[in-house]
Amino acid sequence: MAARKRELTPDRSVRHLFGAELRRHREQAGMSLDQLAEVVASSRSHLGRIELAEYMIPPELPAQLDAAFGTDGIFQKLYALARHEVHPDKYRRYMELEARARSIGHYAGQLVPGMLQTEDYARALFRVSNPEAPAEEIEEKVAVRMSRQALLRTTSAPHLSVVLDEACVRRPVGGPVVMRAQLSRLAELVDTPHTLIQVLPYEHGEHALMGGGGALYLLTMDDGTSVAYEESISTGQLIEDRERVVRRMRSYDLLRAYALSPTQTAAFIRSVMEALTP
């Protein structure tokens, strides 16, 4: 029995409309995904995900589709809108991409990233952000956050590179005991086969990623494509436009150059630990 095709939802966003138009023109041309993949020098699975709006649209694909289907620039016009569109399910989409990433670059301006948090550190953050939440809700959120860390323990774990602003290390979240344990965790992960952590000291001064004091994630996939995710206190923005992603990658590379080396970072973290009063 043939597998049932997934329904498309062109009314959800321009990205979904692009995928629906891709399927419509492909089927009108009597082409399978395999046949179209040969024409546009792509892969069947990649095109299938684009039809379902599950994958970013490569910038060269729209012109290739217009040429293949004789659509007089329709796909290029849709792409011009889609590339600037805020993804309707941006956080869910980010989590899917994170699970498939081969490398993750992360700048944190205020807090230790979720991937590196201890349970008590995460618990303190959830409590202060919603003091009226019942204990069960807090524990559920802590469990979800800890489950994300399993990604770093898989055989195909991505390489995680993190630049922490000094504020992340200095601010004693949860009190001295909790923070000492958190800093100990960071010190263990400073330089491992899958993690690299560097501290950007206050003395460096201003930099391109300090606006808003939030966080930046840079994900690179197996095929070399990259996306960025910017996060503030209550909002997040998924960025897939190549030019905008490249600008953020350059800013992140500069921060890594300005930051302390892994050896210096480990020594710095331990010095902060020793200064914390139990």
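Modeller: A cavity is a set of grid points where a 1.4 Å probe fits but cannot get out. Keep that in mind for this predicted model.

Biologist: How much space lies in the largest cavity?

Modeller: The structure holds 1 cavity of 30 Å³ or more. The space in the largest cavity is about 50 Å³.

Biologist: How do the residues lining the largest cavity divide into nonpolar, polar and charged?

Modeller: Start with the names. The lining is made of Glu98, Ile104, His106, Pro113, Gly114, Met115, Arg148, Leu160 and Tyr217. Glu and Arg count as charged, and Gly counts as polar. The lining residues divide into 5 nonpolar, 2 polar and 2 charged.

Biologist: Now to helix H1. What is its reach from first C-alpha to last?

Modeller: H1 has 15 residues. At 1.5 Å a residue, 21 Å is expected. The reach in the model is close to that, at 21 Å.

Biologist: Why is H1 called largely enclosed by the rest of the structure?

Modeller: Buried residues include Val14, Phe18, Ala20 and Leu22. Among what covers the buried residues are helices H2 (33-40), H3 (44-51), H4 (61-69) and H5 (74-82). H1 is largely enclosed because its buried residues number 11 of 15.

Biologist: Is glutamate 21 buried or exposed?

Modeller: Glutamate 21 sits in helix H1, residues 14-28. The cut-off for buried is under 20% relative accessible area. Glutamate 21 has 16% relative accessibility, so it counts as buried.

Biologist: Which side chain does the side chain of glutamate 21 join in a polar contact?

Modeller: Residues three or four places apart on an α-helix point the same way, because there are 3.6 residues a turn. Beyond its neighbours within four places in sequence, glutamate 21 is in contact with Phe75 and Leu78. The polar contact is 2.8 Å, and the partner is arginine 24.

Biologist: Which residue with a positive phi follows H1?

Modeller: Its phi is near 70°. The residue is glycine 30.

Biologist: Is proline 262 buried, partly exposed or exposed?

Modeller: Proline 262 lies in helix H12, residues 262-275. Leaving out residues up to four places away in sequence, proline 262 touches Val190, Asp191, Leu196 and Ile197. Proline 262 has a relative accessible area of 23%, so it is partly exposed.

Biologist: How far apart in space are proline 262 and lysine 141?

Modeller: In sequence, proline 262 and lysine 141 are 121 residues apart. In space, C-alpha to C-alpha, proline 262 and lysine 141 are separated by 31 Å.

How values were computed. Residues numbered from 1 in each chain as written. Predicted model: local features only at pLDDT ≥ 70, side-chain atom pairs only at ≥ 80, totals over all residues. Heavy atoms only, no water. Helix = DSSP H or I, 4+ residues; strand = E, 2+ residues; numbered from the N terminus. Buried < 20%, exposed > 50% of the residue type's maximum accessible area, 1.4 Å probe, protein only. Polar contact = N/O pair within 3.5 Å; in protein donor to acceptor, adjacent residues only side chain to side chain. Contact = heavy atoms within 4.5 Å. Expected span 1.5 Å × (residues − 1). 1 Å grid on protein atoms, 1.4 Å probe; cavity = no way out; pocket = protein on both sides within 12 Å on 5 of 7 lines; lining within 4 Å. Points joined across faces, edges and corners; volume = space filled by probe spheres on them.
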